[in-house]
Amino acid sequence: ASSGDGGAARAPDTSLFVPVPLKPGLGGAAEEDVGAELTRPLDKGEVLKNLNKFYKRKEIQRLGAENGLDARLFHQAFISFRKYIMESSSVSADLHIILNDICCGFVLLGHVDDLFPFFLRHAKQIFPMLDCMDDLRKISDLRLPPNWYPDARAIQRKIIFHAGPTNSGKTYHAIQRFLSAKSGIYCGPLKLLAHEIFQKSNDANVPCDLVTGEERVFANEDARQAPHVACTIEMCSTNTPYEVAVIDEIQMIRDPARGWAWTRALLGLCAEEIHVCGEPAAIDLVTELMYTTGEEVEVRNYERLTPLTVLDYALESLDNLRPGDCIVCFSKNDIYSVSRQVEARGLECAVIYGSLPPGTKLEQAKKFNDPNDPCKILVATDAIGMGLNLCVRRIIFNSIVKPTVNEKGEKEIDSITTSQALQIAGRAGRFGSSFQQGEVTTMHRDDLVHLKEILSEAVPPVKAAGLHPTPEQIEMFAYHLPDATLSNLIDIFVSLSQVDGMYFVCNIDDFKFIADMIQHIPLNLRSRYVFCTAPLNRKEPFVCTTLLKFARQFSRNEPLTFDWLCRHTKWPLAAPKNIKELVHLEAVHDVFDLYLWLSYRFMDMFPDAVLVRDIQKKLDNIIQIGVCNITKLIRASQSAAAPGTAEVGSEDFPLSRTQKEARAVSDRHGAASTEALSIAVEAAGLRRAKNLRASRLGSRQEDLKSYGRGSLANRLLREGLLTQEMLRQLESEWQDQHRNGRYGFGSKRDDQHSSKETGKKRK
């Protein structure tokens, strides 16, 4: 993320400036004749000596700096300038004459300093941004975002902030106002939430449309636009007038990747009343932002509707599970391990994690909530934090550390935040459910102390709102820098951008990953930008290669038909027999999502959205069968391969690929199979996993040190890097090797050799 204070213009990061290649000898034969005719042919040896003399002159370096050439650019420009002159068969007549005068020692006629105008002209040719830096700074000036939305500024909006914890009724009150209005828009963070409001509105006889990135559902049969709409927040319209707008989970305005969508909705929605729902931690920032638009904020505070108790004892054993318990894990491997252990005790459990399709999540939630269903235990990731209505009596944290992505896009393992802990814990004892009192605890005794500490801390205030460059801004950049790649344009934009203290520029790693991956495919800038904003699950090689194929066929103006997609995905697909097949089905579901998303942006090129939606629903049902039989799939996976290895590097450590890795996916696509890509991605994931470090911030740093004590195996288990099944397998393998006279890191002979060497050194 990038931020600034709106003061002096930021110095650009010149390491991002990629020189434009300039071919030597562009002067032409006529130019050469004039220069040589007026003087004589150049002695290239003398020219080289004088060029190097020119480079070392302090005065020249100072002049370069005054014209935007820092040491890095000055050096690169000189290398290019020297190469151009030395390799050209001809140069312009005026440059030829100056070089001749300098080489001949005509002090009155020529001095090396006289080369500077020619050098600067060359520098601006290879670094075109030097000539338009002021324009680029103006385009990337993000200091007054409210001015981007003139329609919203033309009306006086009433802002009402519904502040409170999970299960406090804050969103309920905002939705009641939404339903009573003549027209309204609901903006939520998830498809599940938008779908819930869509259903609720139409059930209440308030015609409401549904708009998500992949779907448009009209309440009216003739496809006329209804006065109400429920949408995912990225899809909200800032041009349509409404009486009431609801912005849910406003604290996500600080999200490093998606925060820009909440900023855009808050500043840009044209509604007489804006109802904002979320954590009290966002009140001050929203009030400050609205101060800049001249709009006042009315705050309505809510208390939790049912009591929530943090228990004084940990679960310690799955034998102590009770109906209504939800075990929260932070990795897929833990989900697999825990769900199998639960069912080994004769208990049926539902399973919910992030990469499952929305339909499967809803079915699993319905199964768990149904009092007549024998399934009374839920094993889930933090995906249950929002978007699902669950009848949970007790939340049990299997671990209190989870993989996170820092501001630089690097993977780290850290304790869950107070905000995350409250959001998850708050799912217990939902108002109106069969459990009117919620309980929270941990699986391990020594985690409970830390959980209590986390929950007792105040949620830090939301400090800044996210921003993202618009397609129009990038197009203006491209006009000035026509030879730059889209990824490079974005980098330069962020480098030059100026924001005030209330804003930050969102992380654009996903955008750049796709930009690098499809750079070699000939697309116009607007189409390339759209492809780069597609919802890509870059952890899945199959999804990445599919996007590449989509882009390539699109560039050839060949429509992506239903038949083509069925061939590519090998549809129809059977129910999964093991975890690997289930993961692949989830990836195919993502591919169908990708197709549907693109079909709403390029209808002619992705023409079969209706047919694809039909098979996606069928695929959802197939995945549901797999999830219902997840313990059988785990057993099948473990009998076919080493236990616990199926998913390492997949969900636990999502990849943050470099440009090099993105291009590697692209370059390999023609020759390598999806399986080879899987190996490459897994290897990259494992490299990152190796570099992960457990870290703890602020006052809890010392506590984590004591928390980390104990055996390495226990620490790895707690941190979700190792499952019980993996531990048992490692132990079994070690014992086998020991019996066979082999050790984990070499043979007996190696050990004996090492021992002898040590003995020699001691002597």
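Helix α14 (residues 358–369) lies across β10 (325–328), β11 and β12 (377–380). Its direction runs at about 150° to that of β11. Helices (H or I, at least four residues) and strands (E, at least two) are DSSP runs, numbered from the N terminus. Axes are lines fitted to C-alpha atoms, for helices over the stretch in contact, and angles run from 0 to 180 degrees between N-to-C directions. Contact means heavy atoms within 4.5 Å.

This is a predicted model, in which local features need pLDDT of at least 70, side-chain atom pairs count only at pLDDT 80 or more, and totals for chains, interfaces and linings use all residues. Residues are numbered from 1 along each chain as its sequence is written, and side-chain values use heavy atoms, with hydrogens and water left out.

## The six-stranded sheet

Six strands form an open sheet with parallel pairing. Their order is β9-β16-β13-β10-β12-β11. Two strands pair if DSSP finds at least two bridges between them. β9 (308–310) and β11 (349–352) stand at the edges with a single partner strand each, so one side of each has no neighbour in the sheet. Neighbouring strands are turned by 20° against each other on average, direction ignored.

Look inside the sheet at β13 (residues 394–397) and β16 (residues 438–442). These two strands run parallel and are joined by four bridges. Arg-394 has Glu-439 in β16 as its bridge partner.

## The eight-stranded sheet

Another open sheet has eight strands and mixed pairing. The order is β4-β3-β5-β2-β6-β7-β1-β8. Here β4 (216–217) and β8 (297–301) are the edge strands, each with a single partner, so one side of each is left without a neighbour in the sheet.

β2 (residues 184–188) and β5 (residues 228–232) pair in the parallel sense over five bridges. Gly-188 has Thr-232 in β5 as its bridge partner. Helix α12 (residues 283–293) packs on this sheet and touches β1 (158–163) and β8. The direction of α12 makes about 165° with that of β8.

## A salt bridge

The whole structure holds 31 salt bridges. Each is a side-chain nitrogen of Lys or Arg within 4 Å of a carboxyl oxygen of Asp or Glu. One of them joins Glu-295 and Arg-157 (2.9 Å, N to O). Glu-295 sits in the loop between α12 and β8, and Arg-157 in the loop between α8 (150–153) and β1, so the pair ties together parts 138 residues apart in sequence.

## Two crossed helix pairs

The axes of α4 (residues 71–87) and α6 (residues 116–126) come within 9 Å and cross at roughly 105°. The two helices are therefore roughly perpendicular. Angles under 35 degrees count as roughly parallel, over 145 as roughly antiparallel, 65 to 115 as roughly perpendicular and the rest as oblique. Residues in contact include Phe-74 and Phe-78 of α4 and Phe-118 and Phe-119 of α6. By class, this contact has nine nonpolar, three polar and no charged residues. Ala, Val, Leu, Ile, Met, Phe, Trp, Tyr, Cys and Pro count as nonpolar, Asp, Glu, Lys and Arg as charged, and the others, Gly among them, as polar.

α2 (residues 44–56) and α5 (residues 93–103) pack at about 90°, with axes 10 Å apart. They are therefore also roughly perpendicular. Glu-46, Val-47 and Asn-50 of α2 meet Leu-99, Ile-102 and Cys-103 of α5.

## Confidence

pLDDT is the predictor's confidence in each residue, from 0 to 100. The chain averages 83, and 79% of the residues score at least 70. Residues 643–710 fall below 50. Where pLDDT is low, the predicted coordinates should not be read in detail.
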